[in-house]
Amino acid sequence: MENLYLAWTLEDDEFLYQNMNEDIPTLASKLGRGLRGVESRIAKLKYVNSPAYQRLFVENKFTFDLEIDGNDKIQKLTPASEVMRRIKWDDLLNPDDFSVEYFDRVQERVMSVPFGAKNDSVKGKEEMFVFAIPEHRIMTIKYKERIVWDKKRRIDCVFGSMRGNGETIYKVLEHYDEWKRRQEELEAYNKQRQRELVAEMKRVLGEQLFTALKSISSDLQNMSKIGTVTSEDIQKYVGDAISLFRKARRKTEESSEVVVVVETPDIPQNDVEALHLFSSLVALLPDDDLRERILLEIYIQLRRMDPTKKAISTQRDRIIPKLADLNEDELIESFVRGSGAGGQKINKTANKVLLIHAPTQVRVECQDTRSLQQNRKIARKRLKLKLDEYLNGSESIAQKKIAKKIHKKQKVKAKNKARLKKKMNAQEQKNRVVIEDNE
């Protein structure tokens with residue numbers, strides 16, 4: 001099978017070395033590369049005698065980004081609130097050119113909102129939505145299409161702290177057109193790569209199977225546009241893709257009911273090879289969130305298939321296990337007027353949700369936001385957790401989290417107690433030596 005190789009640039013290596021603690025699927029998604037290529041490159045960057053390491057640290061004299069100030073303290077990333085205040089009040093900046101990406105706890109995914117969007121869903125007096133949401137939920141801040149602040153990657157190109165490397169927002173504005181041109185060139189190059197990979201995939205699968213793959217891919221992207229893609233949808237999509245590659249490897253001759261296995265050099269000879277080829281194509285999808293979720297599922301499948309790989313903890317493994325869906329026929333829902341802070345939107349509209357699970361009579365209520373629809377979603381999430389606790393007791397998700405916190409607290413307490421005892425024994429020994437010396 002033809003190897004569609006893309007040379008690694010210095011910028012790619014620098015990004016990879018600074019972020020190699022992130023999950024492989026996340027890095028592959030951001031770099032637009034297959035999973036095998038990213039894993040291989042990380043291994044080379046860790047090996048001091050490799051040409052990749054020599055180029056990065058010897059020829060380019062790259063230094064890892066732990067910036068130290070005059071007081072020998074590690075420089076901190078400028079908080080999102082301070083960055084947003086700068087955007088709001090700096091006369092040389094147009095807030096309409098900026099947008100904010102934040103984690104929506106109702107939709108459970110990252111959402112984008114214009115910087116000047118009005119607040120009509122979060123309780124409180126703040127009129128601007130980006131200042132009303134909790135600061136810890138803000139992920140990135142963009143100037144037009146360029147990210148100027150990123151919490152996870154520790155980038156600040158507004159004040160120039162951390163991996164902003166001294167580049168301030170004024171420099172970003174000055175060189176934006178040049179940055180945009182480079183991005184367009186990269187996008188054109190990625191489209192060319194995508195065409196080459198599509199042609200390779202078409203040759204591997206054949207016309208009929210490739211059309212089937214194209215159809216399920218199109219359906220998934222359409223679902224992603226309206227925000228209805230679930231983890232089960234992603235798993236099914238990757239499973240269907242594996243099945244298509246298996247069909248391509250096995251061509252059946254139905255004459256006399258004899259099955260003949262036909263091997264073609266172009267076709268990956270096992271599921272691992274097929275998924276690596278598939279990941280190279282997925283890495284070029286335009287939808288950032290969908291791209292990363294599919295790559296994560298491919299990565300998990302690869303780990304399961306390859307016995308030489310150790311089990312890992314991916315982002316999906318760290319998410320709370322999914323609870324059983326509620327049966328809407330068993331729910332009794334009512335809406336009443338709210339109370340407390342929030343003005344007329346709270347006190348004169350029936351946006352407080354009361355939700356009862358009829359078979360168990362478990363009851364929850366929600367008045368967290370001004371939006372009735374958001375309150376309905378939050379109420380259902382709470383009811384799921386409460387039902388889990390009611391039915392499963394100590395085995396429920398909430399109780400397991402509490403037990404984990406208690407265990408952690410007891411462990412810290414025991415450690416502190418042992419440290420204190422050791423300190424007291426040392427002091428007694430010191431006092432005993434002093435007394436013996438005086439005698």
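The structure is a predicted model, in which local features need pLDDT of at least 70, side-chain atom pairs count only at pLDDT 80 or more, and totals for chains, interfaces and linings use all residues. Residues are numbered from 1 along each chain as its sequence is written, and side-chain values use heavy atoms, with hydrogens and water left out.

Side chains of opposite charge can pair when their charged atoms come close. Asp-289 and Arg-293 are about one helical turn apart, because they sit four residues from each other in helix α12 (residues 288-305). Helices (H or I, at least four residues) and strands (E, at least two) are DSSP runs, numbered from the N terminus.

How many salt bridges does the structure hold? There are 24 of them. Another one joins Glu-365 to Arg-363, with 3.4 Å between the closest N and O atoms. Glu-365 is partly exposed at 34% relative accessibility, and Arg-363 is partly exposed at 41%. A further salt bridge links Asp-368 with Arg-382, whose closest N and O atoms are 2.5 Å apart. Asp-368 belongs to the loop between β8 (362-366) and α15 (372-392), while Arg-382 lies in helix α15, so this pair ties together parts that are 14 residues apart in sequence. Asp-368 has a relative accessible area of 23% and is partly exposed; Arg-382, at 34% relative accessibility, is partly exposed too. Beyond these pairs, a network of salt bridges links Glu-328, Glu-333, Arg-376 and Arg-380.

Attention now turns to the sheet. Five strands form an open sheet in the order β2-β1-β3-β4-β5, with antiparallel pairing; two strands pair if DSSP finds at least two bridges between them. The edges are β2 (109-114) and β5 (155-156), each of which pairs on one side only. Four bridges connect strand β3 (residues 138-143) with strand β4 (residues 146-150) in the antiparallel sense, and Tyr-143 stands opposite Arg-146 in β4. The hairpin of β3 and β4 has two residues between the strands, and Lys-144 takes a positive phi near 55° there. On to the next pairing: β4 and β5 run antiparallel and are joined by two bridges, with Asp-150 standing opposite Ile-155 in β5. The β4 and β5 hairpin has four residues between its strands, and here Arg-154 takes a positive phi near 60°. Strand β4 is mostly covered, as four of its five residues are buried. Helix α5 (residues 80-89) lies across β1 (98-104), β3, β4 and β5, and runs at about 25° to β3; axes are lines fitted to C-alpha atoms, for helices over the stretch in contact, and angles run from 0 to 180 degrees between N-to-C directions.

Is helix α11 largely enclosed or exposed? Of the 12 residues of α11, 10 are buried, so the helix is largely enclosed by the rest of the structure. Among the buried residues are Asp-271, His-276 and Phe-278. Their cover includes α3 (35-46), α8 (176-205), α9 (207-225), α10 (231-249) and α12, where contact means heavy atoms within 4.5 Å. Helix α11 (residues 271-282) reaches 16 Å from its first C-alpha to its last, close to the expected 16 Å; the expected span is 1.5 Å times one less than the number of residues. At the start of α11, a side-chain oxygen of Asn-270 comes to within 3.2 Å of the backbone nitrogen of Val-272.

Helix α10 also contains Leu-244, which counts as buried at 9% relative accessibility. Leaving aside residues up to four places away in sequence, Leu-244 touches Leu-205, Leu-209, Ala-212, Leu-213 and Ile-216. Leu-244 and Leu-209 are 35 residues apart in sequence, yet 6.3 Å apart in space, C-alpha to C-alpha.

Conventions
A salt bridge is a side-chain nitrogen of Lys or Arg within 4 Å of a carboxyl oxygen of Asp or Glu. Buried means under 20% relative accessible area, exposed over 50%, partly exposed in between (1.4 Å probe, protein chains only). A polar contact is a pair of N or O atoms within 3.5 Å; within protein, one must be able to donate a hydrogen and the other to accept it, and residues adjacent in sequence count only if both atoms are side-chain atoms.
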